[in-house]
Amino acid sequence: MRIRKAMAVALAGALVLTTIATGTTSEAAKKTKLKTKKVSIFVKGKKKISITGKKAKHKYTFTSKKKKIAKVSKKGVITGVKAGKTTITVKDTWKQKGKKKTKKLGTVKVTVKAKTPLVKPTQKPVVTPPVQASVAPPAQTAVVTPPVQTPDGGSQTPVPSTEPSTKPSAKPSTKPSAKPSTPPAATVTPKAPKAELTLEKDNINAGKTTTAEISVNKGTVTDVTWKTADDKIATVLKDSTDPKKAVITGVKEGQTKVIAEAKVKVEEITFTVKVESGDIKVAASDALVVNATVESAPTEMTVGDELPLVVTVDTGAIENIVWTLEGDAAVVAENETGDVLKAVKAGEVTVKAVVTVKQGDKTATDTVEFTVYVMEEYNIHDEVNFWSQYATIEKNDDGTVTYTKLQGDQDWQAGEFGFVVPREMVGKFTKVIIKYKDATLNPPESEKGCGYVIHYDDETQVSWISGEDHWDDSLRIYGDGEIVLENKDPDRALSTVRIYDGVLNGKMTIESVTFQM
């Protein structure tokens, strides 16, 4: 793609200039240090890890201890997932005299905080579709969905990336009216939470222990009942201070599972959630037992990405690794630093590694498996059809797009922008990721975030079709980051995205748009 090629050429040029300017002497004199030691962010917030004195031909890897709390990209950008604490390990890898060298630069302590909802004095208005009417809109501040194209160019309706056979015929004679209304109070029963059970180690000796921990996507765990599928193979004992944790002890050679039944309180309602672990393998007390981990295992990649596959073990030395793949969205290759995973096409791939370890005269194996979703990155100039209302969209020479929020004739005419999904992608994905930089829509002193709308159905133009309206100001668009919008109704086709609000003359430069299958 042109964006990726242009970035590659620019990067190559920058590297050449750096080499000429600095030379090998200054390169060797630099001392690499981990500058970022502690990070505090909100859920969905982002923060980049800073490393000073980086060296050419060195690779820097970032590994989150608890990916459910915070994840980190290959470039060191931390993203808050849910409230909690974790640590991120940063390593420096290079080759010296043909041998691979690895040095731990340090760790970053990460605290993720839950967002506190903004308390607003008035109810958000409910916006109705445009109708043929002569009544002027009330002088109120409200976010309004855009009208379809009018003959006088009062608004901009996008042209689909593949032209439809007929042009839209809706031509409203007046501007839409936004009438605020307060819906009657209703009691909504929250959905049951989802739980996950993780093990510190999958493989243990008889007489040895490992730990288990249960986590939920929402609510508070008040109590957990623990058991194993076969207590003749392993037993389990609940932690005396934290019911979410338990200690598993191997009894004799065999295989079993840990089962947890948790009481979870969500909005004053208590749910019972049952979940079980993967297999726990218990070996003889004198056998060699190994637990392997792919530290760099990603969950998402974009076509063209290449990530190192870093495998570690808790005992012995790795003798051999055999990689197998289920799916053709990625391939495993080898470069000067070791094995790498290359994303080659959009889709899903399951990566499996059989790791053989030797210690003394004993050998043991462990199997590690993870699934990666590979996304397609589109040329946003030619393939992603942007539009705007009471705003400007400017295509830049470097392949990016800059959006600037303006003000309409009336107070309620809030600037907004969006895009129509490429025709061939409609109905084939569940997540949209918009990568941006240099954003000023929601500066730190601004109390107001941006809202968004996801439209469904098989459409090729912006219209008032059914979808999800998020008036909750949940998007904070400032600096560099990503907007992740998920399709909450996977049985329907996501076709249009709209984002609105932010400060007057606020900007956002969009670098890429990806669609995850």
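**Strands, turns and salt bridges in a predicted model**

Glu268 is exposed, with 67% of its relative accessible area open (over 50% is exposed, under 20% is buried and anything in between is partly exposed, with a 1.4 Å probe and protein chains only). The model is a predicted one, in which local features need pLDDT of at least 70 and side-chain atom pairs count only at pLDDT 80 or more, while totals for chains, interfaces and linings use all residues. Residues are numbered from 1 along each chain as its sequence is written, and side-chain values use heavy atoms, with hydrogens and water left out.

Glu268 sits in the loop between S19 and S20 (strands are DSSP runs of E with at least two residues, helices are runs of H or I with at least four, and both are numbered from the N terminus). Although Glu268 is not a glycine, its phi is positive, at about 70°. The side chain of Glu268 also meets that of Lys265 in a salt bridge, with 3.5 Å from N to O (the term asks for a side-chain nitrogen of Lys or Arg within 4 Å of a carboxyl oxygen of Asp or Glu). Lys265 counts as partly exposed, at 36% relative accessibility. Lys265 has a bridge partner in S20 as well, namely Thr270.

Strand S19, residues 258-266, is joined to S20 by eight bridges, and the two run antiparallel.

A second open sheet has four strands in the order S2-S9-S8-S5, and here the pairing is mixed. Strand S2 (38-42) and strand S5 (59-64) stand at the edges with a single partner strand each, so one side of each has no neighbour in the sheet. From one strand to the next, the twist averages 30°. S5 is linked to strand S8 (residues 84-96) by six bridges, in an antiparallel arrangement. Among the residues of this pair, Phe62 has Val90 in S8 as its bridge partner.

Strand S7 (residues 77-80) takes part in two further pairings. Three bridges join S7 to strand S3 (residues 46-48), and these strands run antiparallel; Lys46 has Thr79 in S7 as its bridge partner. Another three bridges join S7 to strand S6 (residues 70-72), also antiparallel, with Ile78 in S7 as the bridge partner of Val72. The hairpin of S6 and S7 has four residues between the strands, and in this hairpin Gly76 takes a positive phi near 85°.

Salt bridges link several of these elements to other parts of the chain. A search of the whole structure finds eleven of them. One brings together the side chains of Glu295 and Lys91, at 3.3 Å from N to O. Glu295 lies in the loop between strand S22 (292-294) and strand S23 (300-302), and Lys91 lies in strand S8, so this pair ties together parts that are 204 residues apart in sequence. Lys342 and Glu306 form another salt bridge, at 3.8 Å from N to O. Lys342 is in strand S28 (residues 338-343) and Glu306 is in strand S24 (residues 306-308), so this pair connects parts 36 residues apart in sequence. Lys342 counts as partly exposed at 32% relative accessibility, and Glu306 counts as partly exposed at 36%.

A positive phi near 70° is also found in Asn505, a residue other than glycine. Asn505 is placed in the loop between strand S39 (494-500) and strand S40 (507-516), and at 47% relative accessibility it counts as partly exposed.

Finally, a word on confidence. The protein has a mean pLDDT of 74, and 70% of its residues reach 70 or more (pLDDT is the predictor's confidence in each residue, from 0 to 100). Over residues 116-186, pLDDT stays under 50, and the model has 113 contacts beyond four places in sequence for this stretch (a contact means heavy atoms within 4.5 Å). Over residues 459-465, pLDDT likewise stays under 50, and the model has 29 such contacts beyond four places in sequence.

Conventions
Pairing = 2+ DSSP bridges. Axes fitted to C-alpha atoms, helices over the stretch in contact; angles between N-to-C directions.
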